[in-house]
Amino acid sequence: MRKLHYVKAPFYKRVLAYILDTLIVGVPFIMLDISTLFSDYPTIPREVLVLIQQVALLLYFVILEGTGTNSTIAKGWLGLRVIKTRGREMDLTTSLSRYLAKLLIWVTLMHGYFRLLVPGVNQAIQDEFAGCLVVEEVE
């Protein structure tokens, strides 16, 4: 039986996972948006499409990080997962609070993510707010 340990996930893996996850959810909406440009039929207004995409992103991150493997598809590919600071499994409430804090980070011009670059910190503001960590499994 192998024993796993966790270390805080490196900045580059977190950024890569976020980009990949955004593409996983976003590409179908981009394709739908492009297809409406060439349609002769009534299309979905862009504002409605953006709202649906934001709800899809919320559900994607909150459900996948708050249940099961505690990782999104891209985090799973990269060997990352989200846990509570005391090592407990994530739940939907914690995952939702983390996602909402992530939205506030955009207001502060991504300051919460740049904090990950400070040696020894390696915890984004939204993770600290929600009481969780993004970790990498190591043997």
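**View 1. Contacts of Ile44 in the predicted model.** Leaving aside residues up to four places away in sequence, Ile44 touches Leu32 and Leu49, a contact being heavy atoms within 4.5 Å. The model is predicted: local features need pLDDT of at least 70, side-chain atom pairs count only at pLDDT 80 or more, and totals for chains, interfaces and linings use all residues. Residues are numbered from 1 along each chain as its sequence is written, and side-chain values use heavy atoms, with hydrogens and water left out. Ile44 belongs to the loop between helix 1 and helix 2 (46-66); helices (H or I, at least four residues) and strands (E, at least two) are DSSP runs, numbered from the N terminus. Between Ile44 and Leu32 there are 12 residues of sequence separation and a C-alpha to C-alpha distance of 9.3 Å. Ile44 counts as partly exposed because its relative accessibility is 38%; buried means under 20% relative accessible area, exposed over 50%, and partly exposed in between (1.4 Å probe, protein chains only).

**View 2. A nonpolar surface patch that includes Val27.** The patch consists of Val15, Ile19, Leu23, Val27 and Met31, which together have about 420 Å² of accessible area. Accessible areas come from the Shrake-Rupley method with a 1.4 Å probe, and for residues only the protein chains shown count as cover. Patches are made of residues with over 30% relative accessible area and no salt bridge; like charges are joined within 9 Å, and nonpolar side chains (Val, Leu, Ile, Met, Phe, Trp, Tyr) within 5 Å. A salt bridge is a side-chain nitrogen of Lys or Arg within 4 Å of a carboxyl oxygen of Asp or Glu. Val27 is located in helix 1 (residues 11-37), and its relative accessibility of 34% is why Val27 counts as partly exposed.

**View 3. Strand 3 and its two antiparallel partners.** Of the 7 residues in strand 3 (residues 132-138), 5 are buried. Strand 1 (residues 5-8) pairs with strand 3 in the antiparallel sense over 4 bridges, two strands being paired if DSSP finds at least two bridges between them. His5 has Val138 in strand 3 as its bridge partner.

**View 4. The chain as a whole.** The chain contains 6 helices and 3 strands, in the order β-α-α-α-β-α-α-α-β from the N terminus on. Of its 139 residues, 35% are buried. The accessible surface comes to about 8,700 Å², with 69% belonging to carbon and sulfur atoms.
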